[in-house]
Amino acid sequence: MPCLLHIDASARFAPSFSRRGSAAFADAWRAAYPSGEVITRDLAVTPVPFITEAWTEVDDFTVINGLSDLDEISNAVADPQQQASWAITRQLLQELYAADAIVIGTPMYNWSVPAPLKAWIDHITFPWVDLAGPPVFIFTARGGGYPADTPAGARDHQEPYLRYWFKTIGVTDITFVHSEYTLAGVMAPLDAYIAQRDEMHATALFRAAELANAQNVADACLSGATPG
Ligand SMILES: Cc1cc2nc3c(=O)[nH]c(=O)nc-3n(C[C@H](O)[C@H](O)[C@H](O)COP(=O)(O)O)c2cc1C
């Protein structure tokens, strides 16, 4: 059965541009793979706690002992605080490893990712994690605009960061779809960008359906699936 991991990180719900993008992808994916399973991890509804010292101890322990098998780590971790920390990490890693494709909806907060998404990243980043490549689709929302090769674009610490982080865990097939100027209509200096905001978001929703039906998703998800 194919599996989509659907992650959201915006603090807001109905007005969220990034949530609308990731939801459009997930809806199209469900239609294409009706027998599939969608794991939903809403980091605003159920935030992942910040890592603690126990997490760092588990990290060191796995590296020193060459452990990467989740069951082996569960059996080897003895300290109760480490066990509690590892239980959270293990659940998140299982969701990640189960995924044939991943979609993330995330706002830009302070030129980067929201703290709940960073907390999720911290929990699952071990030197031995290797995802071996499910395609990843990231629907961002940004209040302003960050066109490439402009001074504003140089302040985008969201896409380059996420692209690099995913590469470190073995994912290179990664697609970004940006909804920008979302603060047009809210912040007066951006009022001139209302049409651009609407056009970018409409394009993002259209792309979501297109991407969910793309060949790289089919290649990753089709074995055992019943295409719609
Ligand atoms: C805490 C916070 C920080 C933000 N920082 C930025 C920023 O650095 N750059 C930017 O363009 N917009 C920034 N914004 C605006 C959001 O990116 C914008 O409202 C976006 O649409 C939020 O995503 P959502 O629509 O999915 O909720 C920030 C908003 C909040 C709440």
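In the predicted model, Y181 counts as buried, because 27 C-beta neighbours lie inside 10 Å, and a residue is classed as buried once 20 or more other C-beta atoms fall within that distance. The backbone at Y181 has a positive phi of about 60°, although the residue is not a glycine. Y181 belongs to the loop between β5 (174–179) and α7 (194–212). Most residues other than glycine have a negative phi.

A positive phi, of about 50°, also occurs at N110, which is likewise not a glycine. This residue is located in the loop that runs between β3 (101–107) and α5. N110 counts as exposed, because its C-beta neighbours inside 10 Å number 9, and the limit for exposure is 12 or fewer.

The protein chain as a whole contains eight helices and five strands. In sequence order these elements follow the pattern β-α-β-α-α-α-β-α-β-α-β-α-α. The radius of gyration is 19 Å, close to the 17 Å given by the globule rule for 228 residues, and the protein chain is therefore as compact as a globular protein of that length. The C-alpha trace spans about 60 × 40 × 30 Å along its principal axes. Of the 228 residues in the protein chain, 38% are buried. When contacts between residues at least 6 apart in sequence are considered, 80% of them join residues that are at least 24 apart.

The packing of two helices is described by the angle between their axes and the distance between those axes. For helix α4 (residues 80–98) and helix α5 (residues 115–124), the axes come within 9 Å and cross at roughly 95°. Helix α4 is therefore roughly perpendicular to α5, since crossing angles of 65 to 115 degrees are assigned to that class. On the α4 side the contact is made by I88, T89, L92, L93 and L96, and on the α5 side by W120, H123 and I124. Six nonpolar and two polar residues take part in this contact of α4 with α5, with no charged residues.

Terms used. Residues numbered from 1 in each chain as written. Predicted model: local features only at pLDDT ≥ 70, side-chain atom pairs only at ≥ 80, totals over all residues. Helix = DSSP H or I, 4+ residues; strand = E, 2+ residues; numbered from the N terminus. Rg over C-alpha atoms; globule rule 2.2 N^0.38 Å. Contact = placed C-beta atoms within 7 Å. Axes fitted to C-alpha atoms, helices over the stretch in contact; angles between N-to-C directions. Parallel < 35°, antiparallel > 145°, perpendicular 65-115°, else oblique. Nonpolar A, V, L, I, M, F, W, Y, C, P; charged D, E, K, R; others polar.
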